[in-house]
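Below are some numbered points for a colleague opening this structure for the first time. Please read them with the sequence and the coordinates at hand.

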Amino acid sequence: MGATHLIADRVRGLGRLPRGNRSPRQPQTPADRRAELVLGALAAAVLLLIAGMVVFVIQKAWPSFSDNGLTWFGAKGEVDAQMTEIFNSPADPDNYVYSIGAWPLVYSTFLITGLAVICATGFSLLTAMFMVEFAPGWLQRRLEPVIRLLAAVPSVIYGLIGILVIVPFIGNHIVSDEMKESVRFVIQLDGTSLMVATLILTVMITPIMVAIIVDALRAVPKGWSDGALALGVNRWRALWTVSVRAARPAIVAAGVLASARALGEAIMLSMVSGSVGFAPNPLDGLTFFFEPSRPLAATIVDNADGLSVQPFGETLYAFAAVLLVSAGGLSFAGWFIRRRLRRFSLSPT
Amino acid sequence: MDDLTPPPVRRIILDNMPEPVVPPAATNGHGPVPEVVHEPAARNAVERMRTEDLSIAYGQKLAVNRVSIEVCAGEVLALIGPSGCGKTTLLRSLNRLIDQTPTVARSGRILLDGDDADFLDVTLLRRKVGMVFQQPNPFPMSIFDNIAYGLRERGSKRPGRKELEPRVAEALQRAGLWEEVKDNLSGPALRLSGGQQQRLCIARSLAVNPEVLLLDEPCSALDPISTAVIEELILRLRTQVAIVIVTHNLQQAQRVGDRVAFMYLGDLVEYGAAAQVFGAPQAMRTREYVSGAFG
Amino acid sequence: MSTVAELPPPSGPPAGPPATAFAEDPAFETAWRTRDRIGVAASWFCGLALIAVAAAILIYMLIQGIKFVNLDVLTEHPKSSLDQSKSGGFLDPIIGTFMLTVLGIAIAAPVGVGIAVWLTEYGRPAPLARAVESGIEIVAGTPSIVLAIFGLLVFSQGLFSALSFTAEGGAVFGRSFFTAGAMMSVIALPLVVGATREALLAIPVHVREASYALGKDKAATIRRVLLPAARSGIGTGASLGMGRIAGDTAIVVILLGASLRLEAENDVPILGNLRGTGSTLTSYVYNNSPVGEGNAPEKAYAAAFVLLLVVIALNFAIDLISRRRKTAWTT
């Protein structure tokens, strides 16, 4: 399935090199040694790149963290106002203003990512089960290109349709005047909202998850599914209790991969999630879903012009550092969970 | 003088050209169908399943050609024949597992206790007709969960652990595995040895109390000792469930079979009591197979 | 010589009818619980919903595209006028997308193939190989916005002033086709590495052994035997990479400078453009949407439609390449 098939392969083979097909040892000729050195240097350059990225970004972001301490993550009032303050800080390095409480941005990031991944996991699992078991043959064949296509659509097009079609629809027809009234003094509801952001992000990350889960369901040994059916269990039950259960590590891996993608989504979210650093308030009831916000990645894109202006740039790099550490932490968590789930199963994930 | 030209080609001319062979139609390309020798079931056997003129084809290829056999309670029916003769296909059609294959087409009837199996709910059929596969396939769960699986995943409310424990114990006892695993029921099933796993699969099938048990070459992946244990288990179980066993091992068929059906390339060649099929086979092909002339 | 070993004594009760009768089992009637039926219905719903969403996106973009795309818009340069929606086309963004894709894949393809070859054919010491594999994973999972601002950080150093514009005060601008292309190659790298590795691993060992038996060393084997055989895999990886590059916006917004038209840095024909700034279809769409400055949705739709066509064409190419891939290695 194109890129999605490659991603599924990555998930299966993460961290392990298969032993079988590697070249047998050969006496080293000078050409061999040169080739090995050059290619090895290229490979090591990847590690250098990552190390450099981590070091450079954190180094650049450090002043912002050290100035605020842990309150960097707290809520200190209007985060947009704070950012304007930082932007307008005097040119003298000793008098740089760093004070920021980025909680609304962090909260928005994890809220949108979390909701989208939860929705996408359920949606993708059901779609994958449909594709593997219940879809008639002709429909099964049609669905694979559909998934590939959805995965290939650039995020800016999702954002465009979002902001030109869905946001006005929500703003004019779904959000009622009472809702707008109820939060009038705090925030303006114009359609750019948590709901639209979550919805479109779910659609964006579903294809990746579906590809991985379908691969995993198809890789479940036929003996298990045959055995379950032969016991007189109906197709849904057999699929759910045996195949889906065996595919749990892959579902987790898909969720982690999708989370990393959702975390880093900047362009689409900057178009539809709202342009204010507001923390949506769950106590508002249903209005909660229609409140705007702005996750970290979108904040960086929106304020990209200020990257060369210190200390504003350093604050933006601090946002990026949080994203970097989160994405890395997600990968590690996924790897760890998959190891734990591998106890009972024989499947290669 | 050196003659560098190649020697002239000699042509062999026959006086009588042999007649071209015209294969008879609709018999998979092999010779005319030998007579089917069919012995009716013994008077006192209760018939559990029956096939009537069952034919199964994969696309264009006919795998089973108009086979009619009976499966009776209290006895073991052994299906023997060389590879590709259709015995596994026939076995898989008895619990309609063959329907999972996309290109398959079936004609003829399969009857379970007199009811046409095609009109029964397939899950109902499979609860009455259990199956054990060639490769032991315990689920990646604990031993207890494996046996309890068929009992839990039914239509109605899931029975609690208290209700399941006696039934799991009983199934394990019937399969002869109880003594070996009773202290470790929550251990992973995949850590058992091959023979134990196969007995676990048998216990799993027995837990739902089937009338008929289908065994698809159950010992082919096992060592001789495990094989002997399972054969002895089969002999014990046959009074409780009707058993159909597919095997390519003639000695095994002789050891466990009460009735034997010999199939060749999709046709049922001979069907009768084991003593008769092995001792005094009536069809020539049976004689050749049983004596090892081909296989 | 040992005789047949003693069979373990039979365990369990002697033969007899099973203790629990089954015909009275009340669980017998229903095979399908309501929850199961809901599950099947839900999976049908999700499958059809996904198709509906994809169809809606495609059809909507098609409609808007046909409405707004015409020959002028594709061949004219963008004009900087106050009313963007009435004037000019987006030829420069199209050229920009093309230039960036070519530049990005030109860097990513050789590097990616080299890394893949090293991972499959050499790969010593093993901890390094594992680390590199994990490294490729990490790069694949890094958000492109983070890569973009990291790129800005790096290329703003004086060391890389040759790659972009340097202002009078000595500040390196750091934004140009070169710098954007470099970071684009980073996001395309994991796709190339993955596809090439897969293709190389699919070549059975006996092919390599045959080459060694003929006296060729490993480097020659790789060059003459393995890489040609892995051609379609490399092609697939490169196409996937190009698709990813063509669709990325974050790196363009940060690293390409915000000029609507291609602004060359000096008069050297190609190098000048590469050192200069410009825009791509993705940044053009972004800027002409309500979020950017242009606020010309017609242009945005038109450019988005062209972008979608490019992506679909690349997808199609990937399909073609991977379908031809079925090399038989055994007879």
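1. Chain C is built from 13 helices and 0 strands. The model is predicted. Along the sequence, the pattern of chain C is α-α-α-α-α-α-α-α-α-α-α-α-α. Chain C has 331 residues, and 49% of them count as buried. Among contacts in chain C with a separation of 6 or more, 71% are between residues 24 or more positions apart.

2. Helix α9 of chain C covers residues 231–247. At 1.5 Å a residue, its 17 residues should span 24 Å, and the end C-alpha atoms are 24 Å apart, which agrees. Of the 17 residues of α9(C), 15 are buried, so this helix is largely enclosed by the rest of the structure.

3. Chain A has 14 helices and 0 strands, in the order α-α-α-α-α-α-α-α-α-α-α-α-α-α. Of its 349 residues, 53% count as buried. In chain A, 80% of the contacts between residues at least 6 apart in sequence join residues at least 24 apart.

4. Chain B comes to 10 helices and 12 strands. It has 295 residues, of which 48% count as buried. For chain B, residues 24 or more positions apart make up 71% of the contacts with a separation of 6 or more.

5. The largest nonpolar core holds 288 residues. Those with the most contacts inside it are A:Ile213, A:Ile300, A:Ala320, B:Val244, C:Ile149 and C:Ala304. Helix α8 (residues 194–219) of chain A supplies the largest share of this core, 19 residues. Around B:Val244, leaving aside neighbours within four places in sequence, the contacts are B:Val71, B:Leu77, B:Leu79, B:Leu91, B:Leu94, B:Val212, B:Leu214 and B:Leu215.

6. Two packed helices are described by the angle between their axes and the distance between the axes. For helix α6 (residues 155–174) of chain A and α8(A), the angle is about 145° and the axes are 10 Å apart. The crossing of α6(A) with α8(A) is right-handed. From α6(A), the contact is made by A:Ser155, A:Tyr158, A:Gly162, A:Ile166, A:Val167 and A:Ile170; from α8(A), by A:Met195, A:Val196, A:Ile200 and A:Met204. These residues divide into 8 nonpolar, 2 polar and no charged.

7. A:Val175 lies in the loop between α6 and α7 (177–182) of chain A. Is A:Val175 buried or exposed? A:Val175 counts as buried because 21 C-beta neighbours lie inside 10 Å, and the cut-off for buried is 20 or more. Neighbours within four places in sequence aside, A:Val175 is in contact with A:Ile170, A:Lys180, A:Leu189, A:Gly191 and A:Phe290. A:Val175 and A:Val322 are 147 residues apart in sequence, and their C-alpha atoms are 33 Å apart.

8. B:Arg167 sits in helix α4 (residues 161–174) of chain B. With 21 C-beta neighbours inside 10 Å, B:Arg167 counts as buried. B:Arg167 and B:Ala207 are 40 residues apart along the chain, with 6.8 Å between their C-alpha atoms.

9. Most residues other than glycine have a negative phi, and most peptide bonds are trans. The peptide bond from A:Gln310 to A:Pro311 is cis, with omega near 0°; A:Pro311 is in the loop between α13 (296–302) and α14 (312–341) of chain A. The peptide bond from C:Arg124 to C:Pro125 is also cis, with omega near -5°. C:Pro125 is in the loop between α3 (91–122) and α4 (126–141) of chain C.

10. B:Asp53 is not a glycine but has a positive phi of about 55°. B:Asp53 is in strand β2 (residues 47–58) of chain B and is exposed, with 11 other C-beta atoms within 10 Å. B:Arg66, in strand β3 (residues 61–67) of chain B, has a positive phi near 50°. B:Arg66 is partly exposed, with 17 other C-beta atoms within 10 Å.

Technical notes:
Residues are numbered from 1 along each chain as its sequence is written. Chains are lettered from A and ligands numbered from 1 in the order in which they are written. This is a predicted model: local features need pLDDT of at least 70, side-chain atom pairs count only at pLDDT 80 or more; totals for chains, interfaces and linings use all residues. A nonpolar core is a set of buried Ala, Val, Leu, Ile, Met, Phe, Trp, Tyr and Cys residues joined through C-beta atoms within 7 Å. A residue is buried if 20 or more other C-beta atoms lie within 10 Å of its own, exposed if 12 or fewer, and partly exposed in between; C-beta atoms are placed from the backbone. Helices (H or I, at least four residues) and strands (E, at least two) are DSSP runs, numbered from the N terminus. Two residues are in contact if their C-beta atoms, placed from the backbone, lie within 7 Å. The expected span of a helix is 1.5 Å times one less than its number of residues. Axes are lines fitted to C-alpha atoms, for helices over the stretch in contact, and angles run from 0 to 180 degrees between N-to-C directions. A crossing is left-handed if the near helix is turned anticlockwise from the far one by less than a right angle, and right-handed if clockwise. Ala, Val, Leu, Ile, Met, Phe, Trp, Tyr, Cys and Pro count as nonpolar, Asp, Glu, Lys and Arg as charged, and the others, Gly among them, as polar.
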